[in-house]
Amino acid sequence: MPTNERSKNGSTDKPGVPIVRSVERAVALLRVFSADEMHLSLTELSRRTGLDKSTTRRLLHTLSTLDLIEADERRQTYALGTGVLTLMPAVSYGGNLRDIAAQALARLTEKTSATSFLWGYYRGMALCLERVKTLDKDIDVRSAVIGTQISMNCAGGPRVVLAHLSEAQRATALSGPLPKYTPFTETNPVALQTAATEIRARGWELAVDDYIVGLSGLGAPVFDRSGNFIASVSITTLTPRLAPRTNGEPEQLPALLEAAAEIGAQIQP
């Protein structure tokens with residue numbers, strides 16, 4: 001499992017190797033955009049990056065000439081450009097994990113009628129590596145797409161990742177922002193440490209209404225052939241559909257565990 005960490009300013013400085021600040025600032029601008037906020041004004045981008053408007057405008061202009069930023073003159077906003085998509089095929093994060101998981105996730109979605117996810121660890125956050133969306137129109141998880149980063153204090157898959165981190169990685173994750181997405185989101189680091197221990201012992205997690213009210217997530221760990229934790233698999237659906245049975249386990253759990261085992265069996269340590 002990748003163990004990338006970063007300094008407080010978001011960079012990964014190496015001794016004796018200076019950081020090119022203009023590049024760092026340009027990347028900071030790109031990272032402000034998200035699935036929830038795809039169009040932002042110059043003022044907002046300047047405020048969020050801490051850059052003055054003149055610097056922000058120059059960087060945006062340069063990025064637009066490279067097709068990494070698109071400017072909407074009518075709305076006076078900026079968005080990520082199509083040039084960003086051309087970089088995606090070259091991303092090798094997770095090796096062949098995504099390719100292996102894709103078919104298992106597709107079968108999992110077919111069996112459960114839920115949206116399936118593959119989650120990894122990235123710099124103190126859970127990173128969505130793969131997603132197979134259900135055709136059920138009642139389930140909308142548009143905010144969690146490939147590349148989405150979610151704090152690990154909520155959602156079934158991310159909480160499973162938290163439970164299987166090393167002590168140092170978990171400390172990093174719990175020392176960062178722990179957003180309260182809904183009234184049911186846990187934000188107490190001590191409570192999250194306790195929950196992580198319980199999740200690890202149980203082997204799965206059911207997170208109810210803690211990321212989006214009305215939706216719940218069921219997550220399980222993926223281990224390679226040597227028993228090393230590499231990722232988590234989860235499904236998300238309407239909360240009533242994941243209600244535990246009399247034995248305390250959701251009826252979708254066997255299918256989820258089967259998918260996790262199928263993926264792990266194909267991963268060499």
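**Exercise 1.** Is Cys154 buried or exposed?

*Solution.* The structure is a predicted model, in which local features need pLDDT of at least 70 and side-chain atom pairs count only at pLDDT 80 or more, while totals for chains, interfaces and linings use all residues. Residues are numbered from 1 along each chain as its sequence is written, and side-chain values use heavy atoms, with hydrogens and water left out.

Step 1. Recall the classes: buried means under 20% relative accessible area, exposed means over 50%, and partly exposed lies in between (1.4 Å probe, protein chains only).

Step 2. Cys154 has a relative accessibility of 0% and therefore counts as buried.

**Exercise 2.** Describe the backbone angle phi, the place and the accessibility of Asp67 and Asp209.

*Solution.* Step 1. Most residues other than glycine have a negative phi. Asp67, however, has a positive phi near 65°, and the phi of Asp209 is also positive, at about 60°.

Step 1. Helices (H or I, at least four residues) and strands (E, at least two) are DSSP runs, numbered from the N terminus. Asp67 belongs to the loop between α3 (53–65) and β1 (69–72). Asp209 is found in the loop between β6 (205–208) and β7 (215–223).

Step 2. With a relative accessible area of 47%, Asp67 is partly exposed. Asp209 is buried, at 14%.

**Exercise 3.** State how many residues of helix α5 are buried, and then describe the chain as a whole.

*Solution.* Step 1. Helix α5 covers residues 156–163, and eight of its eight residues are buried. Among them are Gly156, Pro158 and Arg159.

Step 1. The protein chain has eight helices and eight strands. Of its 269 residues, 45% count as buried.

Step 2. The radius of gyration is taken over C-alpha atoms, and the globule rule is 2.2 Å times the number of residues to the power 0.38. For 269 residues a compact globule would have a value near 18 Å, and the 20 Å of the protein chain agrees with this.
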